[in-house]
Amino acid sequence: MNISGVEKKESTKKIFWRGLGCAAVGGGTLGVIGGPLGVVAGASLGVFGVTSVHVGDYIIRTFDNMKQGKQKEENIKIFCQKFDELLQLLNDYRTKLNDDDYGQLIVAIFAVGMATANADGNISEDERNAINEFSDLINESRLPQEIKYHILNYKANPPKLLDAYNETKKVTICNSNVYTDMIYMVANCDGEFSNKEKDFLDLWEKIAKSE
């Protein structure tokens with residue numbers, strides 16, 4: 001079925017946020033993730049039924065606006081590696097931490113994602129619909145109500161870079177690279193890495209290195 005570039009980009013964003021939400025709440029993706037990922041979820045290779053293999057397969061067929069050849073392949077490889085590592089991190093910490101500490105990690109990751117999505121001062125309706133895929137799963141989870149409140153608040157009021165950075169300082173259990181990886185993935189999940197998003201990542205890394 002032929003779909004337009006806009007629809008493809010929206011689907012890619014949705015599949016990213018939905019996959020992240022499934023990983024965050026520890027639920028399987030079968031019946032939750034549609035499209036190409038839904039087809040392969042039944043033959044899951046990973047804990048949540050969504051791995052870099054699945055995401056990579058989807059991205060390869062949807063990131064058609066990337067430069068062709070080696071650059072496109074390298075971008076896909078990097079994205080999938082970072083996504084797979086984040087899924088594994090969430091799986092590990094979900095079983096090791098209490099609900100409050102784990103919830104704070106989810107809030108920090110989400111705050112970074114929202115700040116990145118709003119790097120140019122505007123979040124499109126398509127992207128907001130994609131982010132809803134994540135927040136809806138969190139809202140239906142067993143995470144504490146306070147955590148759900150923070151997620152909904154950041155969704156309605158995207159934090160600035162420094163606010164998101166300060167949120168990550170409340171979490172001391174994981175490597176700070178998880179946040180730079182989140183910036184990279186949110187910025188690239190539509191196949192485009194805008195100049196404002198690059199500036200956002202550069203400033204984030206500059207602040208992190210100054211401490």
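Asp181 counts as buried, at 14% relative accessibility; buried here is under 20% relative accessible area, exposed is over 50%, and partly exposed falls in between (1.4 Å probe, protein chains only). The model is a predicted one, so local features need pLDDT of at least 70 and side-chain atom pairs count only at pLDDT 80 or more, while totals for chains, interfaces and linings use all residues. Residues are numbered from 1 along each chain as its sequence is written, and side-chain values use heavy atoms, with hydrogens and water left out.

Asp181 has a partner in Lys82: the two form a salt bridge, with the closest N and O atoms 2.7 Å apart. The rule asks for a side-chain nitrogen of Lys or Arg within 4 Å of a carboxyl oxygen of Asp or Glu. Lys82 sits in helix H4 (residues 70-96) and Asp181 in helix H9, so the pair ties together parts 99 residues apart in sequence. Helices are DSSP runs (H or I, at least four residues), numbered from the N terminus. Lys82 also lies over the face of Tyr184, 5.4 Å from the ring centre; that takes NZ of Lys or CZ of Arg within 6 Å of the ring centre and within 35 degrees of the ring normal.

The count of salt bridges comes to 3. Another one joins Arg18 and Glu133, again with the closest N and O atoms 2.7 Å apart. Arg18 belongs to helix H1 (residues 5-25) and Glu133 to helix H6 (residues 125-139), so this pair ties together parts 115 residues apart in sequence. Lys170 and Glu167 form a salt bridge too, at 3.3 Å between the closest N and O atoms. Lys170 is exposed, with a relative accessible area of 54%, whereas Glu167 is buried at 6%.

Glu167 turns up again in helix H8 (residues 161-168), where Leu161, Ala164, Tyr165, Glu167 and Thr168 are buried. They span an arc of only 155° around the axis, which puts them on the same side of H8; the arc is taken from the directions from the helix axis to the C-beta atoms. These buried residues pack against helices H5 (99-117), H7 (145-156), H9 (177-188) and H10 (195-210), contact meaning heavy atoms within 4.5 Å.

On to the rings: the whole structure has 8 aromatic pairs. Phe16 and Trp17 make an edge-to-face pair, 5.4 Å centre to centre with 75° between the planes. Rings of Phe, Tyr and Trp (its six-membered ring) pair if their centres lie within 6.5 Å, and planes under 30 degrees apart are stacked, over 60 edge-to-face, the rest tilted.

Technical notes
Helix = DSSP H or I, 4+ residues; strand = E, 2+ residues; numbered from the N terminus.
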